[in-house]
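I opened this notebook to record what I looked up in one structure. The entries follow the order in which I consulted it.

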Amino acid sequence: MELIAQAQMALPWAEAGIVSACVGSFFLIIRRMFEFFEEMQRRHEEERYKWLESEEKRTERLERALEKLTEALRHI
């Protein structure tokens, strides 16, 4: 009988422990998702920066080619 009484007294503490573990896991999942999305955003910004740089280089090459073509047409 005494063992049952002790178990009944421990039950609320066990329930509180389980709830705490679930809440902690929930916040850990949210934190991991936040870190994941931050990493995705950082990679996206890096790729966008690289793309913009390559776009500028392409534009410069096209402008130089157009200038050379214009210069060649003037000499005709």
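**Entry 1: Salt bridges**

I began with charged side chains and found that Glu-39, Arg-42, Arg-43 and Glu-46 are linked in a network of salt bridges. A salt bridge is a side-chain nitrogen of Lys or Arg within 4 Å of a carboxyl oxygen of Asp or Glu. I note here that this is a predicted model, in which local features need pLDDT of at least 70 and side-chain atom pairs count only at pLDDT 80 or more, while totals for chains, interfaces and linings use all residues. Residues are numbered from 1 along each chain as its sequence is written, and side-chain values use heavy atoms, with hydrogens and water left out.

How many salt bridges does a search of the whole structure find? I recorded 7.

Helices (H or I, at least four residues) and strands (E, at least two) are DSSP runs, numbered from the N terminus. Glu-46 counts as partly exposed because its relative accessibility is 39%. Arg-42 is partly exposed as well, with a relative accessible area of 37%. For these words I noted the cut-offs: buried means under 20% relative accessible area, exposed over 50%, and partly exposed in between (1.4 Å probe, protein chains only).

I then turned to Glu-35, which forms a salt bridge with Arg-32; the closest N and O atoms are 3.4 Å apart. Glu-35 and Arg-32 are 3 residues apart in helix α1, so about one helical turn separates them. At 30% relative accessibility, Glu-35 is partly exposed, and Arg-32 is partly exposed at 48%.

The next pair was Glu-71 and Arg-74, joined by a salt bridge with the closest N and O atoms 3.4 Å apart. Because Glu-71 and Arg-74 are 3 residues apart in helix α1, about one helical turn lies between them. Is Arg-74 buried or exposed? Arg-74 is exposed, with a relative accessible area of 62%, whereas Glu-71 is partly exposed at 38%.

**Entry 2: Aromatic pairs**

A search of the whole structure for aromatic pairs returned 2. Phe-26 and Phe-27 form an edge-to-face pair, 5.7 Å centre to centre, with 70 degrees between the planes. Rings of Phe, Tyr and Trp (its six-membered ring) pair if their centres lie within 6.5 Å; planes under 30 degrees apart count as stacked, over 60 as edge-to-face and the rest as tilted. Phe-26 counts as partly exposed at 49% relative accessibility, and Phe-27 is exposed, with a relative accessible area of 53%.

Phe-36 and Phe-37 also form an edge-to-face aromatic pair, 5.5 Å centre to centre, with 65 degrees between the planes. Phe-36 is partly exposed, at 48% relative accessible area; Phe-37 is partly exposed, at 46%.

**Entry 3: Surface patches**

I looked next for patches, which are made of residues with over 30% relative accessible area and no salt bridge: like charges are joined within 9 Å, and nonpolar side chains (Val, Leu, Ile, Met, Phe, Trp, Tyr) within 5 Å. Accessible areas come from the Shrake-Rupley method with a 1.4 Å probe; for residues, only the protein chains shown count as cover. Lys and Arg count as positive and Asp and Glu as negative, while His and the chain ends are not counted. The place of a charge is taken as NZ of Lys, CZ of Arg, CG of Asp or CD of Glu.

Which residues form a negative surface patch? I listed Glu-53, Glu-56, Glu-60, Glu-63 and Glu-67. Glu-53 lies in helix α1, residues 2-74, and is partly exposed at 31% relative accessibility.

A positive surface patch is formed by Lys-57, Arg-61, Arg-64 and Lys-68. Lys-68 lies in helix α1 and counts as exposed at 63% relative accessibility.

Val-19, Val-23, Phe-26, Phe-27 and Ile-30 make a nonpolar surface patch of about 480 Å². Val-23 is found in helix α1 and is partly exposed, with a relative accessible area of 41%.

**Entry 4: A distance along the chain**

Finally, I looked up Tyr-49, which lies in helix α1 and is exposed, with a relative accessible area of 52%. Tyr-49 and Leu-3 are 46 residues apart in sequence, and their C-alpha atoms are 67 Å apart in space.
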